[in-house]
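Colleague: I am new to reading protein models. Could you walk me through this one, feature by feature?

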Amino acid sequence: MASSKVFLAFASLSGMFAVLAGAFMAHGLPYGMEVRALELLDIAVDYQFYHSFALLAVGLMYETHGVPNKILDLAGFSLSFGIILFCGSLYVQSLTHIGLPSLLTPLGGLLLILGWAFIFLASFLQQKLDV
């Protein structure tokens with residue numbers, strides 16, 4: 001079982017990296033970069049921010065709700081690995097033009113979707129327990 005500290009730490013590191021990646025996009029990219037590569041970078045930064053906040057919520061749910069930890073573990077790990085696979089593969093693909101990581105993108109996207117589903121399930125179960 002993970003603790004809130006694991007997910008809060010990963011969320012904060014992920015958010016920090018998203019800011020760094022956004023700054024790199026704004027100030028460090030070479031001129032003449034392909035439009036599609038820039039689009040992929042933009043998608044990766046946006047999704048990394050969104051899901052860093054979702055992961056932060058998972059960590060806070062540990063602290064504030066008595067939700068079953070196994071469901072929050074599934075949410076946190078799904079979001080963490082989803083960020084790594086989805087956003088990471090987009091970063092690699094856009095900066096290196098290597099197509100292989102693009103096979104990991106859909107798997108990462110599925111993990112992100114599952115992470116949200118587990119957050120919903122954890123919230124729903126908590127609500128049912130309060131009744």
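Colleague: What should I know about the model itself?

Modeller: This is a predicted model, where local features need pLDDT of at least 70, side-chain atom pairs count only at pLDDT 80 or more, and totals for chains, interfaces and linings use all residues. Residues are numbered from 1 along each chain as its sequence is written, and side-chain values use heavy atoms, with hydrogens and water left out.

Colleague: How many helices and strands are there in the chain?

Modeller: Helices (H or I, at least four residues) and strands (E, at least two) are DSSP runs, numbered from the N terminus. Here there are four helices and zero strands. From the N terminus on, the order is α-α-α-α. The C-alpha trace spans about 60 × 25 × 20 Å along its principal axes.

Colleague: Back to T105. Which helix does T105 lie in, and is T105 buried or exposed?

Modeller: Buried means under 20% relative accessible area, exposed over 50%, and partly exposed in between, with a 1.4 Å probe and protein chains only. T105 lies in helix α4, residues 104-130. Its relative accessibility is 13%, so T105 counts as buried. T105 and I83 are 22 residues apart in sequence, and their C-alpha atoms are 9.7 Å apart in space.

Colleague: What share of the chain do buried residues make up?

Modeller: Of the 131 residues, 40% are buried. Residues 24 or more positions apart account for 78% of them.

Colleague: How do I check the length of a helix?

Modeller: The expected span of a helix is 1.5 Å times one less than its number of residues. Take α1. Its 24 residues should span 34 Å at 1.5 Å a residue, and its end C-alpha atoms are 34 Å apart, which agrees.

Colleague: Which residues of α1 are buried, and what do they pack against?

Modeller: The buried residues of α1 are S4, F7, A11, S14, G15, A18 and A21. They pack against α2 and α3. Take S14, with a relative accessible area of 4%, which counts as buried. Apart from neighbours within four places in sequence, S14 is in contact with Q48, S52 and I83.

Colleague: At what angle do α1 and α2 pack?

Modeller: Axes are lines fitted to C-alpha atoms, for helices over the stretch in contact, and angles run from 0 to 180 degrees between N-to-C directions. Helix α1 (residues 4-27) and helix α2 (residues 35-64) pack at about 160 degrees, with axes 8 Å apart. That makes the two helices roughly antiparallel. The cut-offs are under 35 degrees for roughly parallel, over 145 for roughly antiparallel, 65 to 115 for roughly perpendicular, and oblique for the rest. The crossing of α1 and α2 is left-handed. A crossing is left-handed if the near helix is turned anticlockwise from the far one by less than a right angle, and right-handed if clockwise.

Colleague: What classes of residue make the contact of α1 with α2?

Modeller: There are 18 nonpolar, seven polar and two charged residues. Ala, Val, Leu, Ile, Met, Phe, Trp, Tyr, Cys and Pro count as nonpolar, Asp, Glu, Lys and Arg as charged, and the others, Gly among them, as polar.

Colleague: And how do α1 and α3 cross?

Modeller: Their axes come within 11 Å and cross at roughly 20 degrees. So α1 and α3 are roughly parallel. Their crossing is left-handed. The contact residues include F7, F10 and S14 of α1, and L72, D73 and G76 of α3. By class, the contact of α1 with α3 has 11 nonpolar, three polar and one charged residues.

Colleague: One last pair. Are S94 and A54 buried or exposed?

Modeller: S94 is in helix α3, residues 69-96, and at 1% relative accessibility S94 counts as buried. Beyond four places in sequence, S94 touches M33, A37, L40 and L41. A54 is in helix α2 and is buried, with a relative accessible area of 3%. Neighbours within four places aside, A54 is in contact with L79, W116 and I119.

Technical notes: Contact means heavy atoms within 4.5 Å.
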